[in-house]
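Please examine the sequence and the three-dimensional model shown below.

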Amino acid sequence: MLVVAALGLAGCAEQTPGQASAGDTATQGPGSSTTPAPSESNSGSDQLAELDYCSLLSEGELDQLGLKAGQPADGDVSERPNCRWRTKQAGGGYLVGVAYWDDVGVAEIPNADDEPVPTTVGNHEGVKFQAIGGSSSVVALTITDSSRVDVIVTGADSGEQQDELVEQYAKIFESQLPKGGG
C-alpha cells in the first residue's frame, strides 16, 4: 500500500526554479468560511469517511496558496476519501494531497524511506517521513490506533522546501478535520 504512489503524486516531481511557496499564507490558517461537505460516495457514522476532502480549501484559500481546485486522486486510493491540488505555476510546481486511511494507523506505515519522526500538529499526534526515494514529504496524523489522515507534498524545488510545505499544509488540514472524527 503505497500512499503516495496511490495518490498519483510520485510521477509529478517536476521542479520550477523560483516558484512561490505557501510560506506565510499557509501559517495564517484557513478562513472561517470553509465548511467541508459530506462526500456522496461514502456513508456510515465515521465523519472522516463522509468528509469531502476537496472542499477543505475555499476559493480564497486556493488563490492565497496558489493552488488549482482539488480533485480526487485516481488509482488504489480512489476508494478512500482523498483530494489533491496542484500549484498554478506553469511547467510543474508541486502537488499537495490528503487522504484518509480508516484501516491503517501511523504505526503501520509501509512506505517510509526512513524511520518516521514523531510530530504534533494542532490536536493530533502523528509522524513525519519521506517516501518514494525522498520525492514526497508526508505528515500522517493519528486519528485512532488503526486510522490516520496523510498530508503529502511532492515535487517541491528541494527536500527542505517540501518538508516546510508539508508541515504548513498539515496545520491547515488538521484544523479543518471534524472534532472527534474517526
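## Basis of the model

The model is predicted; local features need pLDDT of at least 70, side-chain atom pairs count only at pLDDT 80 or more, and totals for chains, interfaces and linings use all residues. Residues are numbered from 1 along each chain as its sequence is written, and side-chain values use heavy atoms, with hydrogens and water left out.

## Overall organisation

The protein comprises 5 helices and 6 strands. Helices (H or I, at least four residues) and strands (E, at least two) are DSSP runs numbered from the N terminus. In that direction, the order of the elements is α-α-α-α-β-β-β-β-β-β-α.

Of the 182 residues, 51% count as buried, a term for under 20% relative accessible area, with exposed meaning over 50% and partly exposed in between (1.4 Å probe, protein chains only). The protein exposes about 8,300 Å², of which carbon and sulfur atoms supply 46%; accessible areas come from the Shrake-Rupley method with a 1.4 Å probe, and for residues only the protein chains shown count as cover. Among contacts (heavy atoms within 4.5 Å) with a separation of 6 or more, 57% are between residues 24 or more positions apart.

Strand β2 (residues 95–101) is largely enclosed by the rest of the structure, because 7 of its 7 residues are buried. Both of its faces are covered: L95, G97, A99 and W101 are buried on one side, and V96, V98 and Y100 on the other.

Two strands pair if DSSP finds at least two bridges between them. Strands β1 and β2 run antiparallel and are joined by 5 bridges; in this pairing, V96 of β2 is the bridge partner of W85. Strand β2 also pairs with strand β6 (residues 147–154) in the antiparallel sense, over 7 bridges, and there G97 has I152 of β6 as its bridge partner.

## Aromatic pairs

The structure holds 3 aromatic pairs. Rings of Phe, Tyr and Trp (its six-membered ring) pair if their centres lie within 6.5 Å; planes under 30 degrees apart count as stacked, over 60 as edge-to-face and the rest as tilted. The ring centres of W85 and F173 are 5.2 Å apart and their planes lie at 20°, so this pair is stacked. It links distant parts of the chain, since W85 belongs to strand β1 (residues 82–86) and F173 to helix α5 (residues 159–176), 88 residues apart.

Both W85 and F173 are buried.
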